[in-house]
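Please keep the sequence and the three-dimensional view side by side while reading. The paragraphs below begin with a single residue and then widen to the whole chain.

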Amino acid sequence: METLKKGTLAGLKTTWTLGKIIFPVTLIITLLSHTPVLDWLISAIAPAMKWIGLPGEAAIPLVLGNFLNLYAGIGGILTLDTLTVQDVFILAVMLSFSHNLFIESGVAASVGIKLWVILLVRVGLALFSAFMINLFWDGGTEKAQYGFISKPEAAPNGWGEITLTALEKASLGILQLALIVIPLMIVMQYLKDKGWLNRFSNWMAPAMKLLGMKENTSMTMAAGLTIGLAYGAGVMMQAAKEDGVSKKDLYLAFIFLVSCHAVVEDTLVFVPLGIPVLPLLIIRVVTAVVLTILVAFIWNKLERKNSLRKEELQHETRHHTI
């Protein structure tokens, strides 16, 4: 009973914390989607598409995916019948790295990560991956064949219906969050009380060490990898607080997770586009591993350099005192 109480309270607290981010962002973005703002952004971005090997209309799914979510981005791809397999694959890789920017970046910021770091990593990886695929892949010139075409939803009529739709989406987002987070936090509390989380941390320790992090970061990583940044944030926040995850390890974990999170859902969701999803998954995982190891190496090198500098200053101070 105590486990149920603690887990429920932790879930409600997390839902409230994340809901304060998700509700207003969902509301504002949904309202903006019925204004000329997104069309203006698409028009502004379209000319730059050629630099990453995409036609101008590819800006539509990129804007929708980054402003809204993966499903909106995929819906945008499905409306374009002139794209090649290479175009769709590039869009899929870009949207894997960079989607739902406002909510997921806001969630990362709520854990204590600098917003500019998250945006730089996600948008930078999306652009770099697109440039490299276009540079080295000569194939995929045939026309893309989608597995199915989803029917577009009827557009709301007038600002009254638009506002109600926005409120409904924002409210359903919070409800969905609560239905996932609260049971999840109860399960996590149960696993913690039974001592299974410590075993899991020990099992994950070698992988954490390879990525330059301590083993107490394992729960943060596991949550993000399996259920994503938005829904996994509850576990991440709890784990970071209770396990004493250092600022450095938290940054490394999120650098990995913004590159590769919700690996099952965010990979399978691209199956209807008719592209090979295994290379997509491999690109995400390899990029996350290499980037995290590189950042950890540079971070450790700078720490050692600063430590040596402090020791030299202390030695000079003692020498002058004598």
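Asn 100 counts as buried because its relative accessibility is 13%; buried means under 20% relative accessible area, exposed means over 50%, and partly exposed lies in between, with a 1.4 Å probe and protein chains only. The model is predicted, so local features need pLDDT of at least 70 and side-chain atom pairs count only at pLDDT 80 or more, while totals for chains, interfaces and linings use all residues. Residues are numbered from 1 along each chain as its sequence is written, and side-chain values use heavy atoms, with hydrogens and water left out.

Where does Asn 100 lie? Asn 100 is found in the loop between helix H5 (85–97) and helix H6 (101–110). Helices (H or I, at least four residues) and strands (E, at least two) are DSSP runs, numbered from the N terminus. Most residues other than glycine have a negative phi. Asn 100, although not a glycine, has a positive phi of about 45 degrees.

The wider view comes next. The protein has 13 helices and 0 strands. Its C-alpha atoms fill a box of roughly 75 × 55 × 35 Å along the principal axes. Of its 322 residues, 43% count as buried. The protein exposes about 17,200 Å², and carbon and sulfur atoms supply 68% of that area; accessible areas come from the Shrake-Rupley method with a 1.4 Å probe, and for residues only the protein chains shown count as cover. Among contacts with a separation of 6 or more, 77% are between residues 24 or more positions apart, where contact means heavy atoms within 4.5 Å.

In an unreviewed entry, UniProt places the feature "transmembrane region" at several stretches, including residues 58–78 and 85–103. UniProt positions are given in the numbering used here, feature names are shortened, and annotations may be inferred rather than shown by experiment. Over residues 58–78 the chain is 86% helix and 0% strand, with the end C-alpha atoms 11 Å apart. Over residues 85–103 the chain is 84% helix and 0% strand, and here the end C-alpha atoms are 29 Å apart.

Charged side chains deserve attention next. Side chains of opposite charge can pair when their charged atoms come close. How many salt bridges are there? A salt bridge is a side-chain nitrogen of Lys or Arg within 4 Å of a carboxyl oxygen of Asp or Glu, and by this rule there are 2 salt bridges. Arg 122 forms a salt bridge with Glu 104, and their closest N and O atoms are 3.0 Å apart. This pair links distant parts of the chain, with Arg 122 in helix H7 (residues 115–136) and Glu 104 in helix H6, 18 residues apart. Arg 122 is buried, with a relative accessible area of 0%, and Glu 104 is buried too, at 7%.

Lys 248 forms a salt bridge with Glu 303, the closest N and O atoms being 3.7 Å apart. Lys 248 lies in helix H11 and Glu 303 in helix H13 (residues 277–321), so this pair ties together parts that are 55 residues apart in sequence. Are these two residues buried or partly exposed? Lys 248 is buried, at 16% relative accessible area, whereas Glu 303 counts as partly exposed at 39% relative accessibility. A polar contact of 2.3 Å also joins the side chains of Lys 248 and Asn 300. A polar contact is a pair of N or O atoms within 3.5 Å; within protein, one must be able to donate a hydrogen and the other to accept it, and residues adjacent in sequence count only if both atoms are side-chain atoms. Leaving aside neighbours within four places in sequence, Lys 248 is in contact with Gly 212, Trp 299, Asn 300 and Glu 303.

Helix H8 (residues 158–193) holds Leu 172, which is partly exposed at a relative accessible area of 46%. Leu 172, Leu 175, Leu 179 and Ile 180 form a nonpolar patch on the surface, with about 360 Å² of accessible area together. Patches are made of residues with over 30% relative accessible area and no salt bridge: like charges are joined within 9 Å, and nonpolar side chains (Val, Leu, Ile, Met, Phe, Trp, Tyr) within 5 Å. Glu 168 also has its place in helix H8. Glu 168 and Leu 27 are 141 residues apart in sequence and 8.7 Å apart in space, C-alpha to C-alpha.
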